[in-house]
Amino acid sequence: MKVMRLVAIAAGLIIVWQVTVLLTGAPPYILPGPLRVAKAAFVHSRFLFDHAMTTLFEIIGGLLLGTLLGALSALSMIASLSLKRWLLPVLVISQAIPVFAIAPLLVLWLGYGMSSKIAMAVLIIFFPVTAAFYDGLRSTEPEWLELAHVMNAKPFAVIRHIRMPAALPAFASGLRVATAVAPIGAIVGEWVGSSKGLGFYMLHANARMQIDVMFAALAVLAIVALTLYFTVDRAMIKIVYWQKEETEEKVSK
Amino acid sequence: MNNNIKTNAGYGKHPSAPSIMLENVSFGYPGEQIFRSLNFTVEAGQWTCLIGPSGCGKSTLLRLISGTLREGLSGGIRFSNGKNYNGLTAWMAQKDLLLPWLNVLDNVCLGIRLRGERSSQKRERAISMLKDAGLGEYSNSLPSELSGGMRQRVALLRTLMEGRSVILMDEPFSALDALTRLKLQDLAASLVEGATVLMVTHDPLEALRLGHRIYVMTGKPAKLSKAMIPPGPPPRKPVDPMIPTLQAELLDCLEKGNKT
């Protein structure tokens, strides 16, 4: 059902696109039609695939590293009050600087390769993951903690067995947001300076007025991002297995 | 509901269950004095019920005894065996507080997990407890698959699994329907036998069924009535002819306390 709906939505968008091209009579170097783009995608499929892999690795690398760092900083803020007092302002200040503004710096420091793009993605992902997970860790049902206290629980066991699982739903939604925005980091990083990746390929095609190739790269990027998003979404539903049942119950009632 | 619950008493046998002595206990929040020089003894090995209107400090009293609330407490809370509350009390609340991501068995064994103990022997015991309570086939189910009565039964077993000699109960049966409540009261009475139990409730009938002693708590700062000691051993049958009279007495006492 879900897949069918997705296909229907994609088909609808393509139709709107084609109709727009027909109605406005836009020349192909402004807005190429879907057929033209499909043809370009086919012709350049090998290049597109290679560049897509580069971008995908950058996104996944950023996601893994950003999620790990985000989860760790959220956990350390819960575990230590003094650490939280120092870390929280740093986090907020770091978000006051637009990540795009420091993209050239990252390329300067980390070079043209993948690492500067991964760093971009990490910077973008880090905050939503930290904020969501920290919020979840903080808002544990107080009576659970009271129960644990009466049971003489070890402090670490409370985090491990109560706070962390209780925060997983919040962590999952943070990770969903992160997955949705991670491609932005990778692409912006590629625009600023790179010789590989879909972002680079788009600029390259743009400079040669190959607008259809540019659109093809855009479509591939969309597919990569969507696949990644739904994979993460699926995984999160599995991980938060008890919550899924609750929501289903509510819906069916 | 499962009807063939074996009331196999004995999980709560505590030959050395202590009495709890509250001496000159005062406690309050800024602008609100809840207890002032309260003196009160919970008899060893008996089931004591506290009834009173909502917000009179009943739950607070339990928290003071369990040690979850310590700031702002003055006076002494002592156990007759000379021990600290640490590791002495178990607590059961109105909400079952089952962790939704753990199955029934793991929920019953929560204390073991949180203390980092590893004991397959205790797990075996939990399994046999679940069987005796008619929950054997639900060991691997998640709490969300259980009815309210079953969940509270699991919470009761989790409380007993702690093997503590002092059990504090905060309206543990008040969210259940009448029939389930009666059954669970009987089960609890048989399982905790021998432990020192302090149960908070707002239901006079429940107190009359289960309590060796009943106190009415009213006012601010809270005062306790004289102990009512209903005849006969608990759990008393709801059809017991003396219950309506005593219930009227308790309600009367509650009402008087509210006026002053």
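**Strands, helices and a contact**

Trainee: Which residue stands opposite B:Thr89 in strand 6 of chain B?
Mentor: B:Val166 in strand 6 of chain B is the residue that faces B:Thr89. Strands here are DSSP runs (E, at least two residues), as are helices (H or I, at least four), numbered from the N terminus. This is a predicted model, in which local features need pLDDT of at least 70 and side-chain atom pairs count only at pLDDT 80 or more, while totals for chains, interfaces and linings use all residues. Residues are numbered from 1 along each chain as its sequence is written, while chains are lettered from A and ligands numbered from 1 in the order in which they are written.

Trainee: And in which sense do strand 5 and strand 6 of chain B pair?
Mentor: Strand 5 and strand 6 (residues 166-170) of chain B run in the parallel sense, with 4 bridges between them; two strands pair if DSSP finds at least two bridges.

Trainee: What order do the strands of that sheet take?
Mentor: The open sheet of chain B is made of 6 strands in the order 5-6-7-3-8-9, and its pairing is mixed. Its edges are strand 5 and strand 9 of chain B, each of which pairs on one side only.

Trainee: Where does the mixed pairing show up?
Mentor: Look at strand 8 of chain B, which pairs in the parallel sense with strand 3 (residues 47-51) of chain B over 4 bridges, and there B:Thr48 stands opposite B:Arg213. With strand 9 (residues 223-224) of chain B, strand 8 of chain B pairs in the antiparallel sense over 2 bridges, and B:Thr218 is set opposite B:Lys223.

Trainee: How many residues lie between the strands in the hairpin of strand 8 and strand 9 of chain B?
Mentor: That hairpin has 4 residues between its strands, and B:Gly219 takes a positive phi near 85° in it.

Trainee: Why is strand 8 of chain B largely enclosed?
Mentor: Strand 8 (residues 213-218) of chain B is largely enclosed by the rest of the structure because 5 of its 6 residues are buried. A residue is buried if 20 or more other C-beta atoms lie within 10 Å of its own, exposed if 12 or fewer, and partly exposed in between, with C-beta atoms placed from the backbone.

Trainee: Switching to helices, how many residues of helix 1 of chain B are buried?
Mentor: Helix 1 (residues 58-66) of chain B is mostly covered, as 7 of its 9 residues are buried, among them B:Leu61, B:Leu62 and B:Ile65, but also B:Lys58 and B:Arg63. Just after helix 1 of chain B comes B:Gly67, with a positive phi of about 85°.

Trainee: What about A:Leu69, which helix does that lie in?
Mentor: A:Leu69 belongs to helix 3 (residues 45-79) of chain A, and it counts as partly exposed because it has 16 C-beta neighbours inside 10 Å.

Trainee: Which residues is A:Leu69 in contact with, leaving aside its neighbours in sequence?
Mentor: Beyond its neighbours within four places in sequence, A:Leu69 is in contact with A:Val122 and A:Phe126, where contact has C-beta atoms, placed from the backbone, within 7 Å. A:Val122 is 53 residues from A:Leu69 along the chain, yet their C-alpha atoms are separated by 8.5 Å.

Trainee: Last topic: how many residues does the contact take from chain A and from chain B?
Mentor: The contact takes 19 residues from chain A and 22 residues from chain B. On the side of chain B that touches chain A, strand 5 (89-92) and helix 3 (110-114) of chain B each supply at least two residues, and helix 3 of chain B gives the most, with 4 residues.

Technical notes: Contact = placed C-beta atoms within 7 Å.
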